[in-house]
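The following paragraphs lead the reader through a protein model, from a single position to the chain as a whole. Please keep the sequence and the structure in view while reading.

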Amino acid sequence: MNVTGKQHQVVIALFWSLAQNWGGRALSFVLFLVLARLLNPADFGLAALVAFILLLLSSVAEFGFGDALIQRRTLEPADVTLPFFCSFAASTILAILIAVLATDIERWFDVKGLAPLLTAASLSLPIGTATLFQEALYKRQMDFRVLAVRTMVATAISGVVGIACAYAGFGALSLVIQVVVQSAVSGLWLWSQPRWLPMRGYDARSFRELSGYSVHVVLNRLLDFAIVRTIDMIILTLYGVAALGIYTVGARVYIILMQLLTQAVMDVALSALSRIAHERDRIAGAYLRSVSLGALVGSPVFVLLAAIAPEVSLLLFGAKWSGSEAVMRPLMLVGAIQTVQFVNSAYFGALGKPNYVFALNILKFCTVVPAMFLLPSRDIGQLATIFAFAQLVVTPVTFALALRLLGLSWSQFLRPIAGCLCAIVLAYGAVVLCRAATPDINPYLRMGLLSSCFGATYLMSILLFWRKQLFSLIDFVVKRGVTA
């Protein structure tokens, strides 16, 4: 395939990846809003605890083979056999253990009603693991169309089932049933048109090579899990299950937005960048365009939502979720930086350096977790602020490693994004001043006014500070695609 053909394939893959992630996440978020109106904070807190346990186990059970299969330059059907059966066996055993030990786990966490939820949710472990392998092979072939349709159908069906259960009074079980149904529909959809089927033949040498890569993926996931999820356990211990529910809802907008702005690009990036990893000039140019797009499109969205967090929380979730805005604001401000920073992981993976991500996660863990335990906090809002800003310690180190690996200087990195950062700071300041000048108006009217103020200030500032780079980037994206 020639260069033009590869570029076209990447652009098509990115389109369908965006459709999968944006369409699926947007629909999922709408369903989440409906469920937030029907259920209470304690229900969401219970479901969050179940998700905590299942996510930890699923991260281990899959062993990171999905990413290893995507990253591998050449792949034969026999290469998939051992990774698949090892992962599926592990997830099945873990599901059985969860079901058997559910009562003991409930007693250990001291959270009434947890056992039946864990038993029901355990069904999703082997189903999800089997589905991940088909999904990885679809991603490897950059065929995101089927994945996009699958995501929309599974999300819609599971959402309808979850809302029906909530109306029927199932409480937290509604959220668990929704997850299990979504996992089952996703699995049936992909396995009905598989890119690989179980076979007797296997390649032990390939398995060892894949394991060498996947072990870094698993360790990174576990470290990331510890960093992100430790706050859940602290909130549960200090403030109770209802407070955990409020934190979960407050963080949901941040999580969805990060997924919308990053996951679609990450899915395509690992496959696409692995193909040009040996062409240093092309991959360095792609990196600079990636961070420029993140600063131009992603960062201002996060900062805007941080600026209008109280109004957004009231509009989306209602008055019973008061306190979620204090969680949302610091996470959004840090998300503005992370949406630029996230591309580093894709480039580390494509260049065969997953150990860089592991080392950075160790540094983040050694910063974030002690900060949450040692720095005093009076409520979940302050704890969320500590959690969010402690993550920034690793940011300069992450960029330094990426620039060194790609042979770029700090001036080459900062030049394309400096104008965007100035525009964002000015826009946030304009919102602060506008809020102070309109203290007593309707909150929904104020949200529209503040949003307009932010948008107008940001656009004018971009045209003032960044006009040349803006038009150059738009021209490149339109003509050739981001990863050309």
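Gly 212 is found in helix α9 (residues 204-239); helices here are DSSP runs of H or I with at least four residues, strands are runs of E with at least two, and both are numbered from the N terminus. Because its relative accessibility is 38%, Gly 212 counts as partly exposed, a class lying between buried (under 20% relative accessible area) and exposed (over 50%), with a 1.4 Å probe and protein chains only. Gly 212 lies 144 residues from Ala 68 in sequence, yet their C-alpha atoms are 8.9 Å apart in space.

The model is predicted: local features need pLDDT of at least 70, side-chain atom pairs count only at pLDDT 80 or more, and totals for chains, interfaces and linings use all residues. Residues are numbered from 1 along each chain as its sequence is written, and side-chain values use heavy atoms, without hydrogens and water.

The protein chain has 20 helices and 0 strands. Of its 484 residues, 53% are buried. Among contacts (heavy atoms within 4.5 Å) with a separation of 6 or more, 83% join residues 24 or more positions apart.

Phe 317 is one of the buried residues of helix α12 (residues 309-317), together with Ala 309, Glu 311, Val 312, Ser 313 and Leu 316. Leaving aside residues up to four places away in sequence, Phe 317 touches Phe 32, Leu 33, Ala 36, Arg 37, Val 249, Val 253, Ser 324 and Met 328. Just after α12, Gly 318 takes a positive phi of about 95°.

Helix α2 (residues 41-61) packs with helix α4 (residues 77-109) at an angle of about 150°, their axes being 10 Å apart. The two helices are therefore roughly antiparallel, a term for angles over 145 degrees. Leu 49, Ile 53, Leu 57 and Ala 61 in α2 meet Ser 87, Ala 90, Ser 91, Leu 94, Ile 98, Ile 105 and Phe 109 in α4. The residues of this contact comprise 9 nonpolar, 2 polar and no charged.

Methods. Axes fitted to C-alpha atoms, helices over the stretch in contact; angles between N-to-C directions. Parallel < 35°, antiparallel > 145°, perpendicular 65-115°, else oblique. Nonpolar A, V, L, I, M, F, W, Y, C, P; charged D, E, K, R; others polar.
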